[in-house]
Number of protein chains: 2
Amino acid sequence: MPMGFQETFKALSDDVRREILLMLRNGKKSAGEIASCFDMTNATVSYHLSILKKAGLITEEKEKNYIFYKLNTSVFEDVMMWFAQFKDGKKSE
Amino acid sequence: MPMGFQETFKALSDDVRREILLMLRNGKKSAGEIASCFDMTNATVSYHLSILKKAGLITEEKEKNYIFYKLNTSVFEDVMMWFAQFKDGKKSE
DNA sequence: AATCTATTTAGAAAATTTTCTAAATAGATT
DNA sequence: AATCTATTTAGAAAATTTTCTAAATAGATT
């Protein structure tokens with residue numbers, strides 16, 4: 001689903017979106033719960049959620065008329081891998 | 001020096017800048033050497049270098065009339081730490 | 001079926017980022 | 001001292017991102 005690193009790193013480059021990710025560490029939260037933590041409209045938070053979703057960092061789950069979001073840890077692993085290239089990278093290159 | 005994560009993640013969110021970082025894995029390179037790998041003006045690459053420098057991801061070193069850039073691995077460690085928060089984060093929180 | 005509740009989508013304005021051209025800087029060479 | 005070489009800075013244009021308001025969607029309740 002995620003188009004690649006460009007999209008994922010762009011998603012990670014915003015304070016609000018990183019805050020959302022931290023917020024989801026201990027389990028899923030609805031769009032409304034997430035939005036209530038910020039001083040911006042629900043529409044704007046929804047925009048940020050869509051960016052995180054496109055980047056593959058979160059997934060959604062509909063229940064009643066709520067939409068719950070939760071972390072997709074596998075993409076975090078991928079980003080970690082990218083950083084691993086800088087750990088004593090001299091050997092393989 | 002780096003103002004914090006916002007700046008560092010913003011710096012990492014651009015393809016050109018991530019490419020520069022990869023390019024510096026096997027040692028320092030001058031601004032000109034770096035610029036020659038891209039299809040953009042030296043001035044533009046200089047702009048990207050300044051963003052990476054402000055983010056603390058690279059440092060510069062003047063020699064003759066060249067300016068050499070190299071990775072500052074300690075800031076990479078810091079970013080890795082941020083990601084570590086998502087690794088089985090349930091216990092401590 | 002009408003209404004309510006939670007959320008997203010569309011479209012526009014504001015803010016930020018990226019890129020360029022032209023000029024500036026600064027050390028090295030003639 | 002004049003010039004050359006490598007690089008950056010300034011300022012503007014173009015592109016992208018963030019935010020808002022208003023309207024749309026869709027499932028739940030009355």
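Chain B and chain A bury about 2,700 Å² between them, with 66% of that area on carbon and sulfur atoms. The model is a predicted one. On the side of chain B, Arg25(B), Phe83(B) and Phe86(B) supply 25% of the area that this chain buries against chain A, more than any other three residues. The contact draws 26 residues from chain B and 27 residues from chain A.

The arrangement of the two chains comes next. Chain B is superposed on chain A by a rotation of 180° with 0.0 Å of shift along the axis, at an RMSD of 0.0 Å. This is the relation of a two-fold axis. Within chain B, Ser13(B) has the C-alpha nearest the axis, 3.0 Å from it. Of the interface residues of chain B, 100% are also interface residues in chain A, so the copies meet through the same surface.

Polar features also occur between the chains. There are 2 salt bridges between chain B and chain A. Lys87(A) forms a salt bridge with Glu77(B), whose closest N and O atoms are 3.5 Å apart. Across the interface, 5 residue pairs are in polar contact. In chain B, α1 (5–12), α2 (15–23) and α5 (73–84) each supply at least two residues of the side that touches chain A. Of that side, α5(B) gives the most, with 7 residues.

The nonpolar part can be followed through Phe83(A). The largest nonpolar core has 56 residues, and Leu21(A), Phe83(A), Leu21(B) and Phe83(B) touch the most other members. Leaving aside residues up to four places away in sequence, Phe83(A) touches Phe9(A), Leu12(B), Phe76(B), Val79(B), Met80(B) and Phe83(B).

Methods: Residues are numbered from 1 along each chain as its sequence is written. Chains are lettered from A and ligands numbered from 1 in the order in which they are written. This is a predicted model: local features need pLDDT of at least 70, side-chain atom pairs count only at pLDDT 80 or more; totals for chains, interfaces and linings use all residues. Side-chain values use heavy atoms; hydrogens and water are left out. Copies are superposed by least squares on the C-alpha atoms of residues with pLDDT of at least 70 in both. Contact means heavy atoms within 4.5 Å. A nonpolar core is a set of buried Ala, Val, Leu, Ile, Met, Phe, Trp, Tyr and Cys residues joined through side-chain atoms within 4.5 Å. Buried means under 20% relative accessible area, exposed over 50%, partly exposed in between (1.4 Å probe, protein chains only). Buried area is the accessible area (1.4 Å probe) that two parts lose on being put together, summed over both. A salt bridge is a side-chain nitrogen of Lys or Arg within 4 Å of a carboxyl oxygen of Asp or Glu. A polar contact is a pair of N or O atoms within 3.5 Å; within protein, one must be able to donate a hydrogen and the other to accept it, and residues adjacent in sequence count only if both atoms are side-chain atoms. Helices (H or I, at least four residues) and strands (E, at least two) are DSSP runs, numbered from the N terminus.
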